[in-house]
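Morning, everyone. Please have the sequence and the model open, and follow along as I talk.

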Amino acid sequence: MKALVYDGVETLGFRDVPDAIAQDGEHLIKVEAVGICGSDMHAYLGHDARRPAPLILGHEAAGVIVGGPLDGKRVTVNPLVTCRSCAACTSGRENLCPERQIISMPPREGAFAQYIAMPESNLVEMPDDVPMAKAALAEPLAVSWHAVRLALGALDDALERRALVIGGGAIGLAAALALRAMGIDDVIISEPNEMRCAFLNDACDVTAVSLASGQYPIVIDAVGYAATRATASELALPGGVIAHVGLGEDAGGLDVRRMTLQEITFIGTYAYTAQDFRDTAQAIFDGRLGPLNWTEARPLADGFAAFQDLRSGRVAAPKIVLDPWT
């Protein structure tokens with residue numbers, strides 16, 4: 001099969017690799033759409049030691065089951081594989097499973113390929129009328145759905161229902177859409193890239209600004225750099241909540257003194273639970289997250305160029321979705 005392989009820092013190769021093989025309890029899936037994630041970019045830049053070269057990246061996938069009793073079923077893929085028996089898994093917090101694995105990280109190759117193999121429990125069947133590119137958004141949307149759910153759960157009922165999202169990439173945009181789907185109508189996205197900011201306002205039915213001001217009961221940091229954590233610390237309302245989902249860099253930025261004196265809740269959020277993923281997929285199918293027409297489609301064969309364009313800031317769309325078969 002063909003795959004896009006991470007060969008080293010800022011180097012990707014599109015070539016033949018060994019075919020994916022379904023093990024016991026798994027299904028072979030013909031990948032028809034796979035998104036480029038920020039974590040793929042971190043690996044591409046050599047910033048993620050968990051993803052050593054050579055490796056097939058990609059974990060935002062949708063496709064069709066090939067062979068077996070579910071042959072032909074259209075599915076979106078939850079890429080987080082867990083043990084399903086530990087305390088975290090049995091309590092519905094599978095994202096904290098100590099044995100968790102995610103495709104695109106050893107020992108599991110990723111979905112920048114024509115086929116992948118996944119356990120049946122990681123597959124969500126999708127309606128025939130949902131495009132594959134839209135179904136592939138279930139994974140990044142689930143990340144934000146989980147973050148928003150945790151933030152709203154921690155929010156004091158006496159505070160206004162307003163939110164600031166820092167970062168207008170796919171996770172930030174998804175957070176804004178999840179906030180609206182959960183009843184928060186007053187949402188602003190802060191996005192300094194002028195081209196992307198304009199795209200968000202013009203094509204995504206959200207409100208985006210290049211520089212946010214004021215204070216907000218909910219702040220979602222979808223970037224995760226020291227500078228964005230500093231902004232979150234500054235703009236969170238006293239008694240408010242910061243949900244930190246971005247993984248840009250490890251340290252710096254938080255104003256711990258202000259957060260302490262103003263009783264600002266900080267929540268680190270990672271991935272999603274299996275229920276979050278199912279709920280997000282259903283919200284996509286029901287149209288509660290909007291038309292989701294803000295992706296840019298490219299062939300997987302042109303994936304290296306797509307990474308280069310993302311690296312240089314030449315892409316306005318929040319998400320590039322690759323097709324392994326064009």
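Predicted model: local features only at pLDDT ≥ 70, side-chain atom pairs only at ≥ 80, totals over all residues.

How many strands form it, and in what order? Three strands form this open sheet, and the order is 2-1-4. The pairing is antiparallel. Now look at the edges. Strand 2, residues 11-16, stands at an edge, and so does strand 4. Each has a single partner strand, so one side of each is left without a neighbour in the sheet.

Now zoom in on strand 1, residues 2-8. Two bridges join strand 1 to strand 4. Find Val-5; its bridge partner in strand 4 is Ile-56.

Next, the alanine. Ala-43 sits in helix 1, residues 38-44. Is Ala-43 buried or exposed? Its relative accessibility is 1%, and buried means under 20%, so Ala-43 counts as buried. What does Ala-43 touch, beyond its neighbours within four places in sequence? The contacts are Tyr-6, Asp-48, Arg-51 and Leu-57. Take Leu-57. Leu-57 is 14 residues from Ala-43 along the chain, and their C-alpha atoms are separated by 8.3 Å.

On to helix 7, residues 226-235. Which of its residues are buried? They are Thr-228, Arg-229, Ala-232, Ser-233 and Leu-235. An α-helix has 3.6 residues a turn, so residues three or four places apart point the same way. Now see what the buried residues of helix 7 pack against. The list is strand 11 (162-166), strand 14 (216-221), strand 15 (236-244) and helix 8 (256-261).

Last stop, the second largest pocket. About 370 Å³ of space lies in this pocket. It is lined by 21 residues. Those closest to its centre are Met-1, Ala-20, Ile-56, Arg-108 and Glu-109. There is Ile-56 again, the bridge partner of Val-5. Two elements give two or more residues to the lining: strand 4 (55-56) and strand 9 (115-119). Strand 9 gives the most, with three residues. What is the lining like by class? It has 15 nonpolar, two polar and four charged residues.

That's my tour. Questions, please.

Terms used
Residues numbered from 1 in each chain as written. Heavy atoms only, no water. 1 Å grid on protein atoms, 1.4 Å probe; cavity = no way out; pocket = protein on both sides within 12 Å on 5 of 7 lines; lining within 4 Å. Points joined across faces, edges and corners; volume = space filled by probe spheres on them. Helix = DSSP H or I, 4+ residues; strand = E, 2+ residues; numbered from the N terminus. Nonpolar A, V, L, I, M, F, W, Y, C, P; charged D, E, K, R; others polar. Buried < 20%, exposed > 50% of the residue type's maximum accessible area, 1.4 Å probe, protein only. Contact = heavy atoms within 4.5 Å. Pairing = 2+ DSSP bridges.
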